[in-house]
Amino acid sequence: MADARMSSPSSSRNTEPILAVLKAHLPARGRVLEVACGAGEHALAFSGALPGLDWTPSDPDPNALASAAAWRRDGPANLKPPVRLDATDEATWPDETFQALYCANMIHISPWAATEGLVSLAARVLTSPGGLLLLYGPYLEDEVETASSNLAFDESLTGRDPAWGLRRREDVVALARDHGLAFTLRVQMPANNLMLLFRRV
């Protein structure tokens, strides 16, 4: 089981800045669904730091799920078993409700249909009113100059898959609004990333 553990250098670097935002805005108690958990390192760190929240990691990739399950062996009781969830496949979406949905670094490494599915999923499972959607990653913004590193990253993504690439923050905000999710906060994060917060209305 331990051999299934994967590790991401970026997860190690951004854990503390992301955790600061989570501590400031997540409720003290409740249930959190993490979409596209990847290796599962965030799930382990955040569940340990937020003991009042039941944290459920999810991913469509069997290797990611195996890694998250392996990391969970050393995790706290509030870290739940990882579940298979594909943002583009409603048949994999849970029926339960959650106080928050967290997703990091998926939107730009997936087709736009995955973002549409993610927002639809949030509208379905978040408690109303007030359920919190948190999206972390790099974005393009109409009135903010894009860092050269993000432009290069966007070019590399579209070179790998034309359906990938950095999304306009304004497009994500509009999509969320159409699903009853109000954009409430933009937090500047290290390495030219953002955390975007939305609330169910």
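V172 touches W112, L135, Y139, R167 and F198, leaving aside residues up to four places away in sequence (contact means heavy atoms within 4.5 Å). This is a predicted model, where local features need pLDDT of at least 70 and side-chain atom pairs count only at pLDDT 80 or more, while totals for chains, interfaces and linings use all residues. Residues are numbered from 1 along each chain as its sequence is written, and side-chain values use heavy atoms, with hydrogens and water left out.

**Around V172**
- V172 sits in helix 6 (residues 169-178); helices (H or I, at least four residues) and strands (E, at least two) are DSSP runs, numbered from the N terminus.
- With a relative accessible area of 0%, V172 is buried (under 20%; exposed is over 50%, partly exposed in between, with a 1.4 Å probe and protein chains only).
- E116 is 56 residues from V172 in sequence, yet their C-alphas are 8.8 Å apart.

**Helix 5**
- The buried residues of helix 5 are N150, D154 and L157.
- They cover an arc of only 65 degrees around the axis, so they share the same side of helix 5 (the arc is that of the directions from the helix axis to the C-beta atoms).
- S148, E155, G159 and R160 are exposed on the other side.
- Strand 6 (139-140) is what the buried residues of helix 5 pack against.

**Strand 1**
- Five of the six residues in strand 1 (residues 30-35) are buried.
- Strand 1 pairs in the parallel sense with strand 2 (residues 53-59) over five bridges, and with strand 4 (residues 100-104) over four; pairing takes at least two DSSP bridges.
- E34 stands opposite P57 in strand 2, while V35 has C103 in strand 4 as its bridge partner.
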